[in-house]
Amino acid sequence: MTTRQIGEEGFRWFIGIVEDLEDPKVLGRARVRVLNENDGQDTSELHFAHILMPTTSACVDGVGDSPNLSVGSRVLGFYLDGNEKQQPMILGAMPTIPGND
């Protein structure tokens, strides 16, 4: 990160499409193709994005719900590391009709 404090660089948000849900760490993360940023990049090169869960899900030691996205889901998110854009976090899914961009 280029700053010492999370949030110092401002709130960098994005819209993306989920391309991969096979998280090797089994944390429920998803690889997201960020619109107008990852064009032409191979799916395997995309960063894994954590998915923000509600406070009713502990998200620790297998307690709580699991994220329920599908490949092709359109999502809204932000970067925890601001301008570095290496640590994406998904806030939620958006209604989508596939192929109707």
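Predicted model: local features only at pLDDT ≥ 70, side-chain atom pairs only at ≥ 80, totals over all residues.
Asp20 is buried, with a relative accessible area of 17%. The cut-off for that label is under 20%.

Asp20 sits in strand 1. Beyond its neighbours within four places in sequence, Asp20 is in contact with Ala30, Arg31, Thr43, Phe48 and Val71. Take Ala30 from that list. Ala30 and Asp20 are 10 residues apart in sequence, yet their C-alpha atoms are 5.7 Å apart in space.

Arg31 is another of the contacts. Side chains of opposite charge can pair when their charged atoms come close. Arg31 and Asp20 form a salt bridge, with 3.1 Å between the closest N and O atoms. Arg31 belongs to strand 2 and Asp20 to strand 1, so the pair ties together parts 11 residues apart in sequence. Arg31 also counts as buried, because its relative accessibility is 14%.

Arg33 pairs with Glu19, and the closest N and O atoms are 2.4 Å apart. Arg33 lies in strand 2 (residues 30-34) and Glu19 in strand 1, so this pair ties together parts that are 14 residues apart in sequence. Arg33 is buried at 16% relative accessibility. Glu19 is partly exposed, with a relative accessible area of 26%.

The whole structure holds four salt bridges. One of the others joins loops. Lys85 forms a salt bridge with Glu37, the closest N and O atoms being 3.4 Å apart. Lys85 is in the loop between strand 4 and strand 5, while Glu37 is in the loop between strand 2 and strand 3 (48-51). The pair links distant parts of the chain, 48 residues apart. Lys85 is partly exposed at 24% relative accessibility. Glu37 is partly exposed as well, at 37%.

Five of them close into a barrel in the order 1-2-3-5-4, with mixed pairing. From one strand to the next, the twist averages 55°. Strand 4 (residues 74-79) and strand 5 (residues 88-94) pair in the antiparallel sense over six bridges. Tyr79 stands opposite Pro88 of strand 5.

Finally, look at the surface. Phe11, Trp13, Leu52, Leu76, Leu91 and Met94 form a nonpolar patch there. Together they have about 590 Å² of accessible area. Phe11 comes from the segment before strand 1 (13-20). Phe11 counts as exposed because its relative accessible area is 57%, and the cut-off for exposed is over 50%.

How values were computed
Residues numbered from 1 in each chain as written. Heavy atoms only, no water. Pairing = 2+ DSSP bridges. Helix = DSSP H or I, 4+ residues; strand = E, 2+ residues; numbered from the N terminus. Axes fitted to C-alpha atoms, helices over the stretch in contact; angles between N-to-C directions. Patch = residues over 30% accessible without salt bridge, like charges linked within 9 Å, V, L, I, M, F, W, Y side chains within 5 Å. Areas by Shrake-Rupley, 256 points an atom, 1.4 Å probe, with all protein chains shown as cover. Salt bridge = Lys/Arg side-chain N within 4 Å of Asp/Glu carboxyl O. Buried < 20%, exposed > 50% of the residue type's maximum accessible area, 1.4 Å probe, protein only. Contact = heavy atoms within 4.5 Å.
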